[in-house]
Amino acid sequence: MIEARHLRVLRAVATSGSFSAAARDLGCTQPAVSQQMKALETSVGTPLLVRTGREMRLTQAGEALVRHANGILAGLTAAEEEVAAIAGLRAGRVRLVSFPSGSSTLVPTALAALRAAHPGTRVSLEEAEPPRSVELLREGDCDVALAFRYEDAADRDAAGAEEWADLVVRPLLTDRLVALVPERHRLARAGSGPVAIAELADEPWIAGCPRCRGQLVEVCASAGFTPRIDFATDDYPAVAGLVGAGLGVAVLPELAIESVRPRGVHTVPLAPAVRREIVALTLPDLSQVPAVAATLDELVRAGTR
């Protein structure tokens, strides 16, 4: 096996013309240069230098190896500099996947802080709802995934508790769900106190993403009714617009409401409270990558603001 340190010695000998001159250039002793040259010749199985008195010249094999050594050592130097830049957060890339309400609230704050602290780090963003975002992480198509799960939901039973057991989980915040009703609705006029979801049992409903839709059905079932879902959309502004137009009621996370500025709607707290846990996920090995670790830290800070 050819070692880089031996190539550096060979190149120094070829450039300077002697072991003693090469030793001075490399900052070592002449015996050390001689020893490394013997080791290199043993590795390649052929002489690389011809010694004639005080003069020294390269063999044909030596000339070929020096010619390749220049490119090899230049590539190693470039690789060392690039790795050092990544390790020192002067460079790096992070592929982030987030669900829409996280993309419009947590992600901008986190990435602005990351860019200010480490301008050489680049982050790409794609959107996907869980569980698809978690699948992308496990498949190697992203480095960090924002995801959520509902407290006391079906996926949090004894089996579901292992849902993210193979991942590094960084909690960001707990997001409370609130009801959205038209501003002329009877509950909007009644005041801002909490209401039981059963009070909306006879209303037409606008449902959100598939996971949120499933949670809505579960919560309503626990209150003794099945919601009549007239509209379903993954677009939170569309949900708010439909409620504002008087076409039904909805339940949305506060994080989603923060991102859409709904008009013509009134928010009503639910009792008992329904919450979802917002987290950032990555793989254990990726959590050791400096740019990924810095991104996770900024997402955590964004969740506490």
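Reply: Contact here means that heavy atoms lie within 4.5 Å. By that criterion, in this predicted model, residues 24 or more positions apart account for 72% of the contacts in the chain with a separation of 6 or more.

Ser133 belongs to helix α6, which spans residues 132–138. The loop between β4 (121–127) and α6 contains Pro131, and the peptide bond from Pro130 to Pro131 is cis, with omega near 10 degrees.

Is Ser133 buried or exposed? Ser133 is buried, because its relative accessible area is 0% and the cut-off for burial is under 20%. With residues up to four places away in sequence set aside, Ser133 touches Val97, Ala128, Cys142, Ala145, Leu146 and Ala147. Leu146, one of these partners, is also among the residues with the most contacts inside the largest nonpolar core.

That core has 57 residues, and Val144, Leu180, Ile197, Trp205 and Leu299 are listed beside Leu146 as those with the most contacts inside it. For Leu180, the partners beyond four places in sequence are Ala240, Val243, Val249, Ala250, Leu252, Ile257, Val265, His266 and Thr267. Another core, of 18 residues, lies apart from the largest one and includes Val13, Val33, Leu48 and Leu58. In soluble globular proteins, nonpolar side chains tend to be buried together.

Gly140 counts as partly exposed because its relative accessible area is 37%. From Gly140 to Leu76 there are 64 residues in sequence and 27 Å in space, C-alpha to C-alpha. Another glycine in a loop is Gly246, placed between α9 (236–244) and β9 (250–253). Gly246 is likewise partly exposed, with a relative accessible area of 49%. Gly246 and Arg184 are separated by 62 residues in sequence, yet their C-alpha atoms are 8.4 Å apart.

Helix α4 (residues 60–87) contains Ala69, which is buried, with a relative accessible area of 1%. The C-alpha atoms of Ala69 and Ala232 are 64 Å apart, and 163 residues separate the pair along the chain.

The overall dimensions give the setting for these distances. Along the principal axes, the C-alpha atoms fill a box of roughly 105 × 40 × 25 Å. The radius of gyration is 32 Å, whereas a compact globule of 305 residues would have one near 19 Å. The secondary structure comprises eleven helices and eleven strands. Buried residues make up 43% of the 305 residues in the chain, Ser133 being one of the buried residues. The accessible surface comes to about 15,500 Å², and carbon and sulfur atoms contribute 51% of it. Finally, the chain carries 32 positive and 37 negative side chains, with the centres of the two sets 8 Å apart.

How values were computed. Residues numbered from 1 in each chain as written. Predicted model: local features only at pLDDT ≥ 70, side-chain atom pairs only at ≥ 80, totals over all residues. Heavy atoms only, no water. Helix = DSSP H or I, 4+ residues; strand = E, 2+ residues; numbered from the N terminus. Buried < 20%, exposed > 50% of the residue type's maximum accessible area, 1.4 Å probe, protein only. Core = buried A, V, L, I, M, F, W, Y, C linked by side-chain atoms within 4.5 Å. Rg over C-alpha atoms; globule rule 2.2 N^0.38 Å. Areas by Shrake-Rupley, 256 points an atom, 1.4 Å probe, with all protein chains shown as cover. Lys, Arg positive; Asp, Glu negative; His and termini not counted. Charge placed at Lys NZ, Arg CZ, Asp CG, Glu CD.
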